[in-house]
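I opened this notebook to record what I looked up in one structure. The entries follow the order in which I consulted the model.

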Amino acid sequence: MTVKKVEMKVDINCGKCKNQIMQAVTELEGVNQVVLDEEKSLLTVVGTMDPICIAEQLRKIKQKPVVVNIGPPKPPETKPEKKPECCKPCLPYCNNTCNLPYYNTCDMVNVSTYDNGSGCTIV
């Protein structure tokens with residue numbers, strides 16, 4: 001089944017009505033998201049459920065739903081990934097992570113041992 005967005009006008013007279021609507025719709029199989037706009041009296045349901053089932057469920061709680069729109073949901077907005085800005089040129093092995101406060105891959109560490117294998121020096 002395909003995911004769809006269903007918008008319906010409903011009567012919201014009080015907090016009890018709102019709770020009944022939300023509870024009735026969220027019980028349906030295939031519901032992913034429910035939004036109830038009290039100012040516009042608009043119920044928006046996203047999921048794989050059947051719009052007729054939504055209307056039937058609302059009629060059971062004495063609502064008179066009016067279908068406004070049925071269609072595909074809007075794709076989620078993707079924000080471009082922000083790369084850290086370097087104030088100094090990075091070396092090729094740094095992967096542009098020089099100025100991250102918690103991790104700095106630009107510092108070079110050299111570990112060596114004495115000829116007999118004991119001890120080490122970190123520069």
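I took buried to mean under 20% relative accessible area, exposed over 50%, and partly exposed in between (1.4 Å probe, protein chains only). Helices (H or I, at least four residues) and strands (E, at least two) are DSSP runs, numbered from the N terminus. The model is predicted: local features need pLDDT of at least 70, side-chain atom pairs count only at pLDDT 80 or more, and totals for chains, interfaces and linings use all residues. Residues are numbered from 1 along each chain as its sequence is written, and side-chain values use heavy atoms, with hydrogens and water left out.

**Entry 1: helix 2**

Which residues of helix 2 are buried? I found Pro51, Ile54, Ala55, Gln57 and Leu58. They lie on the same side of helix 2, because they cover an arc of only 160 degrees around the axis; the arc is that of the directions from the helix axis to the C-beta atoms. An α-helix has 3.6 residues a turn, so residues three or four places apart point the same way. On the other side of helix 2, I noted Ile52 and Lys60 as exposed. I then looked up the cover over the buried residues of helix 2, which includes strand 1, helix 1, strand 3 and strand 4.

**Entry 2: the nonpolar core**

I defined a nonpolar core as a set of buried Ala, Val, Leu, Ile, Met, Phe, Trp, Tyr and Cys residues joined through side-chain atoms within 4.5 Å. The largest one has 16 residues, and Val10, Ile21, Val25, Leu43, Val45, Ile54 and Leu58 have the most contacts inside it. Two or more residues come from each of strand 1 (4-9), helix 1 (15-26), strand 2 (31-37), strand 3 (42-47) and helix 2 (51-60). Contact means heavy atoms within 4.5 Å. Leaving out residues up to four places away in sequence, I listed Ile21, Leu36, Ser41, Leu43, Leu58 and Gln63 as touching valine 10.

**Entry 3: positive phi**

Most residues other than glycine have a negative phi. I recorded serine 41, not a glycine, with a positive phi of about 55 degrees; serine 41 sits in the loop between strand 2 and strand 3. Just after helix 2, lysine 62 has a positive phi of about 70 degrees. Lysine 62 belongs to the loop between helix 2 and strand 4 and counts as exposed, at 73% relative accessibility.

**Entry 4: valine 66**

I placed valine 66 in strand 4 (residues 66-71). Is valine 66 buried, partly exposed or exposed? Valine 66 is partly exposed, because its relative accessible area is 47%. Not counting residues up to four places away in sequence, valine 66 touches Glu7, Met8 and Lys9. Valine 66 and methionine 8 are 58 residues apart in sequence, and I noted a C-alpha to C-alpha distance of 5.3 Å.
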